[in-house]
Amino acid sequence: MQKVAVVGLGNIGKTHCKFYNENPNVELVAVCDLMEENANAVAHLYSAKPYDDIATMLAEEEIDVVSIATAGEENGGDHYEPAVLAIEAGKNTLVEKPISNDIVKARKMVQLAKEKNVRLVSNLNHRFVPPAYKGKELIEKGELGTLLFLNMKLTIQNPAETSPWFHLRALHPHSVDVMRYFAGDVKRVQAFMTKAPGREIWSTASINLEFASGAVGHLTGSYDMAVRHPIEYCEVAGNKGRFVIDNVYEHFTFYPHDSDELLTMRNSIMTGVGSFQETFKNRLDHFIQQIEDGVPPADMEASGAHALAGQEVIEAAIRSQLENGAVIDIPTVE
């Protein structure tokens, strides 16, 4: 039984609480929020202990896992201080994406977890769905052959204008992580961005990527689309076949080069992922299961190091835009 505390009780933090509470291997023992009334309300709902200070909570409670969903200027990028406290205390730590909007702090966070040999992961929930598992399986079995290209699209409607790079840093940890999940490290990027009418931020982006493997890719992202239509598309192609994932988890198709027979998966209305929120459940349950199984910190899925590697890609894309579409090398994350 893993004793869990959730820090930051906005909508995402409340979602964490809900799914941890439903996990039979979890006891939600404490919740923490700077606003005392938020902590009290959520604590009452789940019979947990409320706190408004994480240091006090860590000192007073017996906790195995700290899940951090604190808010921030760029849609929740201020995880550094609570994460450092949790890691220093030796707790298994999950942070919402992005791991940090300050790349220097993100690097420090990952390095600290490595030094302390503490499990640090991020809620990169778009990879925790059956179609992504199937795509990964086919790649590892060699069914696609040598990977050649990836096309990724992630678009929603978000009118917020918190910073010039809000769209990149808040949304695309997910899309970059999905691409890295299938194709590995990114070597360099080149970005072009535009602003929709009336917008001050770079709300739509086109990013070219070259992977360390030699595969190439492209990411289209936007905060200017409608969420009533499909938001995500991923195509991965090799010299033996390719697959397409439509709308995160709704449909998967594998197209082998040497056969007219396709492999297709669909999301059943009876037994499939019931709603997008359940991707959070899949991710949090997987985190708890890996802890229960004793998976070493370096082998955790969607780890802090994976999140940092994705954030390095995003920061390089921002630099490319600032440098008029220059090609920017990506630093290696150890």
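1. Lys240 sits in the loop that joins strand E11 (232-238) to strand E12 (241-246). Helices (H or I, at least four residues) and strands (E, at least two) are DSSP runs, numbered from the N terminus. Lys240 is partly exposed, with 49% relative accessibility. Here buried means under 20% relative accessible area, exposed means over 50%, and partly exposed is what falls in between (1.4 Å probe, protein chains only). Between Lys240 and Thr146 there are 94 residues in sequence, but 7.5 Å in space, C-alpha to C-alpha.

2. A note on the source. The model is predicted: local features need pLDDT of at least 70, side-chain atom pairs count only at pLDDT 80 or more, and totals for chains, interfaces and linings use all residues. Residues are numbered from 1 along each chain as its sequence is written, and side-chain values use heavy atoms, with hydrogens and water left out.

3. The UniProt record, an unreviewed entry, lists residues 136-243 as "domain: GFO/IDH/MocA-like oxidoreductase". UniProt positions are given in the numbering used here, feature names are shortened, and annotations may be inferred rather than shown by experiment. Over residues 136-243 the chain is 21% helix and 40% strand. The end C-alpha atoms of this stretch are 10 Å apart.

4. Side chains of opposite charge can pair when their charged atoms come close. The structure has 17 salt bridges, a salt bridge being a side-chain nitrogen of Lys or Arg within 4 Å of a carboxyl oxygen of Asp or Glu. One of them pairs Glu62 with Lys3 (3.6 Å, N to O). Glu62 is in the loop between helix H3 (54-60) and strand E4 (65-68) and Lys3 is in strand E1 (residues 2-7), so the bridge ties together parts 59 residues apart in sequence. Glu62 is exposed at 57% relative accessibility, whereas Lys3 is partly exposed at 24%.

5. Glu88 and Lys116 form a salt bridge through their side chains (3.4 Å, N to O). Glu88 belongs to helix H4 (residues 80-88) and Lys116 to helix H5 (residues 103-116), so this pair ties together parts that are 28 residues apart in sequence. Glu88 is partly exposed at 45% relative accessibility, and Lys116 is partly exposed at 42%.

6. Glu161 and Arg199 also meet in a salt bridge (2.8 Å, N to O). The pair links distant parts of the chain, 38 residues apart: Glu161 is in the loop between strand E7 (147-155) and helix H7 (166-183), and Arg199 in the loop between strand E8 (186-194) and strand E9 (204-211). Arg199 is buried, at 12% relative accessible area, while Glu161 is partly exposed at 35%.

7. Arg127, Asp177 and Glu301 are joined in a network of salt bridges.

8. Glu36, Glu37, Asp52 and Asp53 form a patch of negative charge on the surface. Patches are made of residues with over 30% relative accessible area and no salt bridge; like charges are joined within 9 Å, and nonpolar side chains (Val, Leu, Ile, Met, Phe, Trp, Tyr) within 5 Å. Glu37 lies in helix H2 (residues 36-46) and is partly exposed, at 48% relative accessible area.

9. Leu148, Phe149 and Val216 make a nonpolar surface patch of about 230 Å². Accessible areas come from the Shrake-Rupley method with a 1.4 Å probe; for residues, only the protein chains shown count as cover. Val216 is in strand E10 (residues 216-222) and is partly exposed at 42% relative accessibility.

Key: Lys, Arg positive; Asp, Glu negative; His and termini not counted. Charge placed at Lys NZ, Arg CZ, Asp CG, Glu CD.
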